[in-house]
Amino acid sequence: MNHFRARFTQLAIASSLLACNAEPKDADEAPVLSFDVARVRLVNGTDTTQVHVELAKTPEQQTLGLMERRHLADTAGMLFLYSANQPASAGFWMFRTRIPLDIAFVDSLGRIVSIIHMVPCTSTLVEGCPSYPPNAAYRAALEVSAGYFARHKLALGDRVMLSDSSQRVRR
């Protein structure tokens with residue numbers, strides 16, 4: 001967790017410097033970092049739904065995540081991709097995240113191994129925000145608007161697949 005706090009501190013300083021030098025913009029939603037985008041299919045026993053996601057692949061992107069976003073479309077999300085399995089204790093936090101989210105932790109075969117509802121943290125300090133560990137090893141994590149998984153009847157064991165192919169989450 002200290003690694004993530006150090007990364008966050010570096011990212012916060014960089015974004016503050018960028019903000020000081022940036023021209024004013026109308027869009028409050030413009031992320032500090034750019035993200036690749038992809039379409040993800042979520043497959044349960046009887047149905048398939050699609051979500052358009054931003055891909056968080058670098059440590060900086062993963063630390064920033066959906067911080068400071070004030071809206072997330074119901075068909076949008078963020079997919080965190082890791083090159084190796086993450087331990088069951090490696091949770092996510094909601095520091096400076098302004099919208100409630102659901103997160104599905106996904107194993108290397110593309111199966112959902114944990115789903116957790118996360119609420120915005122109002123603390124001004126990282127240490128004041130709870131961590132949401134999945135209690136299962138994972139290779140990817142998908143954040144979407146709160147209630148998405150329940151509305152689409154997605155549960156443990158269902159699949160997360162990149163694009164419209166049969167390609168699994170691991171890349």
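Buried, in these notes, means under 20% relative accessible area, exposed means over 50%, and partly exposed is in between, with a 1.4 Å probe and protein chains only. I'm working on a predicted model, where local features need pLDDT of at least 70, side-chain atom pairs count only at pLDDT 80 or more, and totals for chains, interfaces and linings use all residues. Residues are numbered from 1 along each chain as its sequence is written, and side-chain values use heavy atoms, with hydrogens and water left out.

**Entry 1: overall layout**

I started with secondary structure, taking helices (H or I, at least four residues) and strands (E, at least two) as DSSP runs numbered from the N terminus. The chain has three helices and nine strands. Read from the N terminus, the order is α-β-β-α-β-β-β-β-β-β-α-β. Of the 171 residues in the chain, 43% are buried. Then I looked at contacts, meaning heavy atoms within 4.5 Å. Among those between residues at least 6 apart in sequence, 71% join residues at least 24 apart.

Most residues other than glycine have a negative phi. Arg96 sits in the loop between β4 and β5. Buried or exposed, or in between, for Arg96? Its relative accessibility is 27%, so I list Arg96 as partly exposed. Glu68 is in the loop between α2 and β3, and at 25% relative accessibility Glu68 is also partly exposed.

**Entry 2: the cavity**

Next I went looking for cavities. On a 1 Å grid over the protein atoms alone, a cavity is a set of points where a 1.4 Å probe fits but cannot get out, and lining residues have an atom within 4 Å of a point. Grid points are joined across faces, edges and corners, and the volume is the space filled by probe spheres set on the points.

How many cavities of 30 Å³ or more does the structure hold? I found one. The largest cavity holds about 260 Å³ of space. Its lining has 20 residues, and Gln62, Thr63, Phe80, Phe92 and Trp93 lie nearest the centre. The elements giving two or more residues to that lining are α2 (59-64), β3, β4 (92-93) and β8 (138-145).

Gln62, from the cavity lining, belongs to helix α2. With a relative accessible area of 14%, Gln62 is buried. Leaving out residues up to four places away in sequence, I see Gln62 touching Ala56, Lys57, Phe80, Leu81 and Tyr82.

From there I followed Leu81, which is in strand β3 (residues 76-86). Leu81 is buried because its relative accessibility is 11%. Its C-alpha is 7.1 Å from that of Leu55, 26 residues apart along the chain.

**Entry 3: aromatic pairs**

A pair of aromatic rings is described by the distance of the centres and the angle of the planes. I counted rings of Phe, Tyr and Trp (its six-membered ring) as paired if their centres lie within 6.5 Å, with planes under 30 degrees apart as stacked, over 60 as edge-to-face and the rest as tilted. Trp93 and Phe95 are both buried. Ring pairs also join Phe80, Tyr82, Phe92, Phe105 and Tyr138 in a cluster.

Asp107 is in the loop between β5 (101-106) and β6 (112-118). Why do I call Asp107 buried? Because its relative accessibility is 11%.

I checked its polar contacts too, each a pair of N or O atoms within 3.5 Å; within protein, one must be able to donate a hydrogen and the other to accept it, and residues adjacent in sequence count only if both atoms are side-chain atoms. The Asp107 side chain makes one with the side chain of Arg111, at 2.7 Å. Not counting residues up to four places away in sequence, Asp107 touches Val113, Tyr138 and Arg139.

Last, Met161, in strand β9 (residues 159-162). Met161 is buried at 15% relative accessibility. C-alpha to C-alpha, Met161 is 9.0 Å from Arg111, and the two are 50 residues apart in sequence.

Definitions and conventions:
1 Å grid on protein atoms, 1.4 Å probe; cavity = no way out; pocket = protein on both sides within 12 Å on 5 of 7 lines; lining within 4 Å.
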